[in-house]
Each structure stands twice: as structure tokens, then as C-alpha cells.
Amino acid sequence: MSESLTSENPFALASDLPHGLPPFDRIADADFGPAFEAGLAGHRAELEKIATDPEPPTVENTLVALERAGRLLNRVSAVFFNLTSSDTNPARQGLQAEIAPKLAAHHDAIHLDPRLYARIRALYEQRDSLGLEPDSAWLLERRHTDFQRAGAGLPPGDQQRLRELNEELSKLSTTFQENLLRDTNELAVVVDDEAELAGLAPETIAAAREAAISRAVDGRYLLSLNLPTSQPLLGSLENRALRERLFRASISRGNRDNANDNKGVLTRIASLRAERARLLGYPHHAGYVISDQTAHTADTAIGLLERLAPAAVANAKRDAEELQRFLEQDLPGAKLEPWDWAFYGERVRKARYDIDEATLRPYFELDRVLRDGVFFAANKLYGLNFTERHDLPVYHPEVRVFEVTDADGTPRGLFLGDYYTRDSKRGGAWMNTFVDQSRLLGERTVVVNNLNISRPPDGEPTLLTFDEVVTAFHEFGHALHALLSDVRYPYFSGTSVPRDFVEYPSQVNEMWMLWPEVLANYAKHYRTGEPLPQRLVEKLRESAQYGQGHDTTEYLAASLLDQAWHTISPDDDLSDAVAFESAALEKAGVALAVIPPRYRSTYFAHIFSGGYSAGYYSYIWSEVLDADTVEWFKENGGLTRANGDHFRKTLLSRGGSIDSMQAFRDFRGRDPEIAPLLERRGLTGA
């Protein structure tokens with residue numbers, strides 16, 4: 001591949017589309033390889049110039065120069081890795097397997113370059129006499145930490161081994177992701193007889209019919225798998241045998257001893273991470289990761305999980321007894337199984353609170369949830385306005401683009417929504433950026449939310465489950481963190497904060513979905529326009545704590561499993577991944593047969609192919625901050641511009657340009673308290 005790009009390559013120059021939106025209509029798969037090679041070569045040249053600068057290091061010729069370097073590489077990486085998650089294909093998968101280790105080696109070369117490290121260290125040692133502005137001082141602190149954590153101080157032999165570990169880990173992560181995508185698609189459940197789908201809404205059945213057609217199994221019905229263990233359809237399917245089929249398909253992903261099996265991949269990943277941590281002077285991978293998070297130590301993170309586990313398990317066991325009684329009314333003598341929990345949980349919810357998923361869905365039409373719910377709340381809080389743009393190119397026909405402006409018309413950037421599931425998209429829901437805000441570079445945010453909602457037949461409305469509405473508000477909380485970013489350096493942009501802090505603003509944004517003014521604005525019947533009946537609104541609020549025993553237990557099981565995999569030593573026996581998982585859950589006290597972890601190891605993408613290794617605890621850690629913040633909003637009048645502006649000014653706009661816990665203190669006026677979380681989850685006995 002050439003190390004220079006022709007002008008025809010769409011990555012050669014910064015995009016001239018609004019806010020730097022990538023020119024998707026001009027990007028072909030063949031463009032990525034040359035752009036990566038040119039981007040790597042160009043970045044190496046820029047770094048060499050910084051490293052060999054004869055002038056003594058300064059903020060401008062070292063720190064700022066590093067911030068300005070690598071723009072081409074950033075452009076192509078942002079597009080490529082978004083697409084490998086959202087809309088992959090064999091060509092992209094092949095290039096990902098090729099380029100991932102090259103990028104790992106490239107980043108190692110930066111942080112293991114003794115000349116660059118010497119310049120950073122020289123600045124760091126004289127930091128108190130430089131008169132730096134706060135964000136520059138924090139950038140120097142973070143850069144110095146990055147070099148140290150990357151092994152810059154290791155002897156040459158250890159640095160070479162570190163490079164080898166990082167390269168192999170990069171390859172293995174890609175393999176895990178590809179195996180999981182293939183196995184997820186292969187394990188989609190095909191149903192021959194519509195009668196087996198009793199309990200599903202007509203539009204869900206129609207979507208399953210359309211999905212079958214797309215897989216060339218016309219005349220049948222295809223139930224695709226979502227990423228977590230518990231599949232959404234388990235709450236509605238009346239056919240117990242089909243529920244079992246769907247559940248067993250879910251938990252077998254990556255664990256079938258076939259070409260897609262992930263057991264050997266994940267144990268190798270865990271072992272190599274442990275070796276790398278030891279090389280860097282840490283007791284284990286969790287110690288390495290969490291030392292740079294707001295929790296600071298693995299013991300602190302694990303301590304929170306262990307504090308919550310007994311009450312969660314006790315609550316779950318009480319709920320299980322009630323569900324067992326409901327099951328026996330249908331099937332005397334039957335034993336409650338994991339594939340029964342969601343179904344009978346809905347029965348209990350309906351009996352106790354008189355609500356069920358089928359009743360709610362007609363009030364949660366996607367476009368109305370988006371415009372009159374998600375965007376409406378953002379307008380009330382932050383003054384943001386959203387204008388859909390149909391004239392801009394997208395990477396897939398299902399993607400929507402909205403221009404975002406402040407109340408005074410000042411541009412904030414672009415928001416892209418990619419809401420439907422497809423075979424080329426990985427499971428789950430997430431936020432990514434194509435362009436990061438930076439005053440230094442004069443760039444505004446281009447951000448995308450991905451969900452995995454089943455697409456209805458053409459002409460039919462997209463009706464969401466309650467959980468999908470929660471997810472839409474959650475992921476948009478991440479988007480707001482990016483859109484409201486107002487930082488100088490790209491290093492600090494938007495969600496560039498510690499992993500155990502990044503979920504906090506997005507979890508806060510969930511509160512607005514049931515806020516009276518917001519709910520009344522979007523929760524309207526898609527046919528009649530009638531608002532969600534007040535009795536259902538009240539029941540939704542009453543039922544908020546129902547099922548928390550189950551939900552907290554399955555989450556804690558996954559989080560503790562993550563810690564178990566990442567507190568091993570390189571010498572531990574990992575020959576049997578399934579046995580290791582079972583032993584870890586037993587030891588943690590969360591091994592409930594009827595409540596498997598939210599993710600089993602072989603499809604735990606967050607920790608083996610995503611960015612959450614040793615960090616899945618961060619959701620509950622962030623929820624401590626979230627619950628305390630919700631209390632602040634309630635105490636101060638709720639959905640107001642004054643409250644939104646305070647949250648924006650003290651926290652959302654600052655990205656990573658300040659210590660994250662200091663940002664929380666600037667917002668809240670004190671350190672976080674755990675009591676609101678315990679109350680929210682019904683764990684006050686913990």
C-alpha cells in the first residue's frame with residue numbers, strides 16, 4: 001500500500017461537509033487501507049519531528065504538537081472502527097484483523113519512545129515553575145501518566161515483550177468480536193409455526209417474518225439474539241419450549257466447540273493481560289486498570305460489589321419464590337428456570353401493577369420518543385435544538401442525521417441515530433464519535449448512537465419496549481456529554497474521562513424518561529395520539545423497584561466475573577474457562593442457577609473486545625454518582641434551564657479537562673453519598 005494518498009481518497013483532506021461529517025457517499029472499502037498506511041506514516045513523521053526538536057521542550061512544541069499530530073490517522077480510524085461495529089462486512093473484518101496489531105504497535109512506539117518520554121518528563125519535573133493554565137497542567141499530568149503506564153520506564157527487554165503482548169492482545173480482541181458476531185447470527189432461532197409465537201405483539205411477529213426473509217428462510221420466523229443473556233422476547237413468549245430454545249441459544253454463544261468458540265481466545269486474553277500487568281509492576285490486570293480510575297484500587301471496586309451482593313441475592317430469592325407460585329399455577333410441579341423468569345416476572349408485574357409490555361409499547365413509538373422525549377428534555381435542560389438533515393450522506397440508509405444548535409443558534413455539531421438491528425451490526429447499544437470537539441483544532445462534535453431495535457415491516461411504526469426507551473435516553477446521555485463538550489485539547493473531549501465515570505452522565509439522563517413533563521410530551525398512542533393513561537404512569541413509578549433483585553444480581557454476577565478474570569496471575573490454570581466461571585460465581589456468592597450473569601464469559605464483549613476489561617463495575621460505581629445527582633435535581637426544581645446549565649457548566653462541558661471527582665464536587669458541592677443508590681435499588685438492608 002502507498003504511504004501517500006491521492007486527492008481522490010476521501011480521507012486525504014479534512015471533510016468539507018458540515019462539522020466535518022465524513023463523506024460516506026465517497027468512501028469505499030478500498031480507501032481504508034491506503035488511508036491507514038498514509039495516516040500511520042504521517043503520524044510517525046510528525047512524532048519524529050517532535051522527538052528531534054533541538055529546542056528545549058515547551059507546552060507548545062511538545063504537548064500541543066502531540067495534540068495536533070495524527071489528524072489523518074484519526075479521521076480514518078474514527079470512520080473505520082465505527083463501521084466495523086455498526087455495519088461490518090468481510091472486507092472490513094479482514095482489514096481489521098490486519099490493521100489492529102499495526103495500530104497497537106504504533107501506539108507502543110509512541111509511548112515507548114525514550115525521546116518523547118524525556119521531553120514529557122522534563123516538562124513534568126518543572127511543572128510547578130511553568131505557570132501553566134489549569135487544563136495545560138492537567139494535560140501534562142495525564143500525558144506523563146500515560147507514558148509511565150505504557151511502560152516508558154521499563155528496560156528494553158521488557159519493552160519488547162510488552163510490544164509483543166499488546167500486538168497479540170489486539171489480534172485476539174478482534175478474533176473474539178468476529179467469533180461472537182458469527183455465532184450470534186448462526187444461533188438466531190428459526191420458528192416454523194406462527195402459533196409458537198403466541199404472546200408476541202403483531203408488529204413483533206411481522207418483524208420476525210421480515211427477518212426470516214432477509215435470511216432466505218421465507219415463510220418462517222427468525223428471532224435474532226441481543227447481546228445480554230436475557231433476551232427481550234422471553235418476557236412475552238407463552239410457549240415455554242420456545243423460551244428455552246431462545247435462552248439456550250443465547251448462553252451457547254462462543255461456547256459450542258466450533259470455529260466460533262471463544263473459550264480459548266478469552267483465556268489467552270486474560271493470561272496475557274495478567275502477564276502485562278506484572279511486567280508493569282501491578283499485581284494483576286484489574287490493579288493496573290483501576291489504579292487510573294476514580295475507584296483507584298481493585299479492592300475498592302470489588303468491595304462495593306460485595307457490599308451490594310447479599311441484599312440483591314436475598315431480594316432475588318424472595319422474588320423467585322413468588323414466580324415459582326405463578327409457574328405452578330400453569331404447570332403443577334414444574335421448577336422455575338432462567339427462561340421462565342422474565343415471563344412470570346411480567347405476569348407478577350401485571351397482577352401487582354396492572355401493566356405489561358404489550359400494553360406499553362403502542363405509547364412508545366420511536367420517532368416520538370426521540371423528538372418529543374429525548375430531544376425535548378435536552379431542549380428544556382440545555383436549550384439544544386435539533387434539525388433533521390436529509391441532504392447529508394450516511395453510512396447506511398437507516399441512519400438519521402440531526403444538526404444540533406444552542407438556544408442562541410450557535411452550532412454544537414451533528415447527532416446521528418442508528419437504531420435498527422442487522423446482521424452487520426454487533427449487539428448491544430453504544431455511542432461513538434466521528435469528530436471530537438476541540439477549540440485547539442476548531443472542531444465540533446459528530447456523534448452517533450447505536451441501538452439494536454427490530455425493524456418493523458415497511459409502513460409499520462417502530463414501537464419500543466420500556467427497556468428500549470431507557471436505552472435511548474441512556475445512550476443520548478453519552479451523546480450529550482460529547483455535544484456539550486467545550487474543551488481546548490482533543491485529549492479531553494467529551495467522554496474522555498475515567499471508565500468508571502463515563503457512564504455517570506448517561507445514567508443521569510435516564511431520569512427524564514419518566515419525568516412528568518417529558519413523559520406527557522412523548523408517551524402517546526401511535527394510532528390515537530392519546531397520552532399514556534395516568535394509572536399506567538403511576539403504576540410504572542410504583543413498579544420501579546420491582547425486579548431489582550434479579551437485575552442487580554445478574555449485573556453483579558457479570559461484574560464480579562469480570563474482576564475474577566482480571567485478578568488472576570499469569571501462572572494460574574485457565575485450561576477450563578467454564579469451570580473457572582462457575583468457581584468464580586460460587587466464590588462471590590452470586591451463583592444462582594435461575595439468574596445467570598448478564599453476560600457469560602464467551603460473549604462478554606464489554607471486557608474481551610470492548611473497553612471495559614476490569615471495568616464493568618463502573619456502571620454501578622457511576623450509578624452512585626447518578627442517584628445522588630438525581631436527588632440534587634429533585635431538590636432544586638427538576639427540569640429547568642438553570643439546573644441544566646449548572647450541570648453543563650460544572651461537569652458536562654469539561655470532559656476530561658479536570659479531575660472527574662473534582663468535577664462532581666463542583667457540581668454537587670460535596671463528595672457523593674451511596675444512600676440514594678441503595679434506596680433506588682431496594683437494597684437498604686445491604
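What percentage of the 686 residues in the chain is buried? In this predicted model, buried residues account for 59% of the 686.

The overall architecture provides the setting. The chain contains 26 helices and 7 strands. Its radius of gyration is 25 Å, close to the 26 Å given by the globule rule for 686 residues, and the chain is therefore as compact as a globular protein of that length. Along the principal axes, the C-alpha atoms occupy a box of roughly 80 × 60 × 55 Å. Of the contacts between residues at least 6 apart in sequence, 75% link residues at least 24 apart.

Attention may now turn to Asp 261, which is found in the loop between helix 9 (240-251) and helix 10 (263-279). Is Asp 261 buried or exposed? Its relative accessibility is 15%; because the cut-off for burial is under 20%, Asp 261 counts as buried.

The side chain of Asp 261 is directed to backbone nitrogens. One of its polar atoms lies 3.1 Å from the backbone nitrogen of Arg 256, and the side chain also reaches the backbone nitrogen of Asp 257 at 2.7 Å. When neighbours within four places in sequence are set aside, Asp 261 is in contact with Asn 179, Gly 254, Asn 255 and Arg 256.

Terms used:
Residues numbered from 1 in each chain as written. Predicted model: local features only at pLDDT ≥ 70, side-chain atom pairs only at ≥ 80, totals over all residues. Heavy atoms only, no water. Helix = DSSP H or I, 4+ residues; strand = E, 2+ residues; numbered from the N terminus. Rg over C-alpha atoms; globule rule 2.2 N^0.38 Å. Buried < 20%, exposed > 50% of the residue type's maximum accessible area, 1.4 Å probe, protein only. Contact = heavy atoms within 4.5 Å. Polar contact = N/O pair within 3.5 Å; in protein donor to acceptor, adjacent residues only side chain to side chain.
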